[in-house]
Amino acid sequence: MQPRTIIFLALGLMALVIPLIVKSNYWLYMLTILGIFMILVSSLDLLYGFTGLASLGHAAFFGIGAYCTALFQLKFGFPFLVSLIIGIFLTTLFSTLIGWPMLRIRGPYFALGTLAFGTIITIIIHNWDELTGGVSLSGIPLLPKVELLGLSIDFASKRSYYYIVIFSLFLTILIIRRLMDSKIGRAFESIRENQDLAVALGVNSLRYKLISFATASAIAAGAGGLYANYMGAIEPEIAGSHMSFNLLVMIVVGGPGTITGTIIGPLLLWFVPEFLEAAQAYRPLFFGLLLLLVIIFMPMGIAGRIRAIDPRIDRWIP
Amino acid sequence: MDSIKTVKNSTLLKADMLSVTFGRLKAVDNIDFEIQAGELFGLIGPNGAGKTTIFNAITNTVPISGGSVRFMGKFIHGTKPHEVAKMGVVRIFQSATIFTKTPVLVHIMNGLHCRSTTTYWGALLRTPSFKKEEAGNRKRARELLKFTNLECVEDQPAGSLSWAQQKRLMLATALSVDPKLILLDEPIAGMNADEIAEMIELIKTIRTNGITTIVIDHNMKVMMNICDRMMVMNFGQKLTEGPPETVAQDPRVIEAYLGSSKNDQSQ
Amino acid sequence: MGEFFQYTANGLITGGAYGLLALAMTMIYGILSVPNFALGGVYAIGAFISFYVISWMGSAYYLLSIIPVVILTGILALITEKLVFRPLHDGPHTAGFIGALGLYAILEGGGNILFGPTWRTIASPYNDVIIQIGPVFLTLQRVLILVICLIFATGIFYLVYHTMIGKMIRASSENKDVAQLMGISTNRMTSLTFIVGYLLAGIAGVLVAPTALVGASMGLTPILKAFIVVALGGLGSVTGAIVGGFILGLAEDYGAAYISSMYKDIFSFGIFLVVLLLMPKGLYRR
């Protein structure tokens, strides 16, 4: 077994064991949201870290997934899982439609296009009150209590939800790993490294960019649905440019193309700042400074930099 | 290596009145040529003569402004670049164009992309057919690794290789696409004598296996040695064409390379 | 019918402001191939400076804010060019772009701390003077925006196309290596372009401040629209930036007036997306 896998499984075990040690509801809440962020950042990593597509509108898919999941429960009374699946499906459909023309465009134009798209979505969500509740959508129902094998499980409890998120995170990492370790993943990386060479070798770059884009948006939508039901209320800002920017900073700083990066990113840039109440006002400044320092001195991110120290260390960093 | 289904001595690639214009610059000006299956065709000329542009036109990486290029009878014109590769035309770029961060073995496997039938869900669910194909891909990549003498660097990122190794890697990757026609753009540039000899061996072996090759290079000695036929270009136009000995003695060629001098008889 | 002229005038004025920013961005893009979003922060800084000048000395001294703006934007230009963009230029394409984003975040974040999170208004002496041309009513301040924009546009056009320095800048933009071989100090040309660009952005901020809300994130939407203008008008094209700015301004104001003012910002982004999608091969280079 590879050293990386050992570390990864160790981390996984730690994650499973945490609720047994940590009893505080507040901490469980924070860790659950951290988990959702990790799912979201992983999806952006697929797009940016592996395929090289810098999207400034990724949060839009998070938001669309969240709102779809919430609205199908609120307006049609569908159960959570069904609404989640519909939300993922609709978001993926949408991303494929918008990606089809947009992914032909390269470089900063593409990034700007995604930013424009994300901003438009946020404005629409904000202004279409009758559907989305405008400034805030609340009253999203809690997950039900279920009888399973004689046990009564309350999915809405902090503990159960934490496990749901951890499970989803594992699933996400599994999906991404499996895709990357195949001709599809190789195509993604070839597009990132040198698109012209990839095409000269027979890779249909548009098709594979689209696959990456659609998969990333599907995962982001799933994270959105999980977020919606956990929080009980959502706002249009979760789809907005500030959120998209923060996500990009998380993956650039954490380390694109690594699992460690998707852990470090949200940990350093969301989890830690949340505890520093006084520093809230300094957050954008801090983010910008960190982003600058990383891109100039450590372009492979923190995880990448650690890996580069020595090949022996490289093998242990997932 | 796999046998090629083309009939030897049939026309593989045909260019008719090919022109490529960039703005006011006629990079390729009304050129005709025919490449026979199985031959090693050389393309020479001073820098800026339009040789690389011809390669770009053959792979449809730049649009053709006039005339046509046909590969096995099919017009290149409407075919997307990645489809051209799938059809069997693979080019190797002039500079060390590689996937820098990719390990060597995986790098070669990239060429197998268009020949693999793995699907998205096959990869996700790890179906038996997926596993079988991946194993086959690895095996094939290994063969090419051995062929180009890169076994010792199998796991290293492509960017860490020496220049000559990178060129061999580019060749191995191109070969994994299973091409009928391979376009080599300055394959031995920047190499020392030993490395050149090694590369020539590889090119000759490729030819023996039936793959048609077009080579651009400036090393006249080597070109005379390996090419069956050559075409000389200057300022986007064809100067002359024929077997190496004939071409080398053509006064127009000498003039283009060395400048004209009434009393100058040197080659 | 009279409203149409009013909307047109409004559109041209909005366009003038966009044009100034677009001009700044196109010049820097021309020489570095990086969309410098930090200009949005410089724009806000220009606005802040006039805010403080007016707060401390009274609105009569509004124009005096030009002096600190010139000095500060110049310093900022040199610092960011040398410390951020020059090292990133050798790296991958996206590095400069991300660096610019980081810079913008720093400027916006810094602005938030120094200026505070609330939006404020400032009053310049020109806000109270109203000019009437036919059916159109405009405050002198807004006319000033348009006038200054045109002056600067002509000035930059002259600089870039009719002076030796302009030639050197264009040479550096087109081919850095060849320009250096000809003895042009491309580093100096880049610094100069930065100084001019940052100055334009700062001045734009000073001009627009009395007509809009001043706050740390006031530059975000305008700089995005400026990039849209530059992308559509031709990267590095001076005329494209100005003309494009006017067109976008008009489109926005007509849209707001005749279609919906609630979704006003969507028009610029929507137009951008539509044009982008219809020209998938990439918008034309200069």
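This is a predicted model: local features need pLDDT of at least 70, side-chain atom pairs count only at pLDDT 80 or more; totals for chains, interfaces and linings use all residues.
## Chain A as a whole

The secondary structure of chain A is made up of 15 helices and two strands. When a box is drawn along the principal axes, the C-alpha atoms of chain A fill roughly 55 × 45 × 45 Å. The radius of gyration of chain A is 19 Å, and this agrees with a compact globule, because a globule of 318 residues would have a value near 20 Å.

Of the 318 residues in chain A, 53% count as buried.

## One helix in detail

Helix α3 of chain A, which runs over residues 59–76, has 18 residues. From its first C-alpha to its last this helix reaches 25 Å, close to the 26 Å expected at 1.5 Å a residue. How much of α3(A) is covered? The helix is mostly covered, with 15 of its 18 residues buried, and it is followed by A:Gly77, whose phi is positive, near 70°.

## Where the chains meet

Two pairs of chains are in contact, and of these chains A and C share the most contacts. Chain B and chain C, by contrast, do not touch, and their nearest C-alpha atoms are 12 Å apart.

The contact between chains A and C takes 33 residues from chain A and 36 residues from chain C. On the side of chain A, the elements that give two or more residues are α4 (80–102), α5 (108–127), α11 (241–254) and α13 (283–297), and the largest share, twelve residues, comes from α5(A). Sorted by class, this side of chain A has 26 nonpolar, five polar and two charged residues.

The contact between chains A and B takes 20 residues from chain A and 27 residues from chain B. On the side of chain B, at least two residues each are supplied by α2 (81–87), β6 (89–92), α3 (104–109) and α4 (120–125), and α2(B) gives the most, with four residues. By class, this side of chain B has twelve nonpolar, eleven polar and four charged residues.

## The domains of chain B

The domain assignment of chain B gives domain 1 (1–35 + 60–79), domain 2 (81–216) and domain 3 (229–267). The centres of domain 1 and domain 2 of chain B, taken over C-alpha atoms, are separated by 23 Å. Their contact takes 13 residues from domain 1 of chain B and 13 residues from domain 2 of chain B, and the side that belongs to domain 1 has seven nonpolar, five polar and one charged residues.

## The largest nonpolar core

Which residues touch the most other members of the largest nonpolar core? Of the 264 residues in this core, they are A:Leu291, C:Leu21 and C:Leu23. Helix α1 of chain C, residues 2–32, gives the most to the core, with 16 residues.

If residues up to four places away in sequence are not counted, C:Leu21 touches C:Leu39, C:Tyr43, C:Ala201, C:Ala204, C:Pro222, C:Ile223 and C:Ala226.

Key
Residues are numbered from 1 along each chain as its sequence is written. Chains are lettered from A and ligands numbered from 1 in the order in which they are written. The radius of gyration is taken over C-alpha atoms; the globule rule is 2.2 Å times the number of residues to the power 0.38. A residue is buried if 20 or more other C-beta atoms lie within 10 Å of its own, exposed if 12 or fewer, and partly exposed in between; C-beta atoms are placed from the backbone. Two residues are in contact if their C-beta atoms, placed from the backbone, lie within 7 Å. Ala, Val, Leu, Ile, Met, Phe, Trp, Tyr, Cys and Pro count as nonpolar, Asp, Glu, Lys and Arg as charged, and the others, Gly among them, as polar. The expected span of a helix is 1.5 Å times one less than its number of residues. Domain bounds come from an automatic or database domain assignment. A nonpolar core is a set of buried Ala, Val, Leu, Ile, Met, Phe, Trp, Tyr and Cys residues joined through C-beta atoms within 7 Å.
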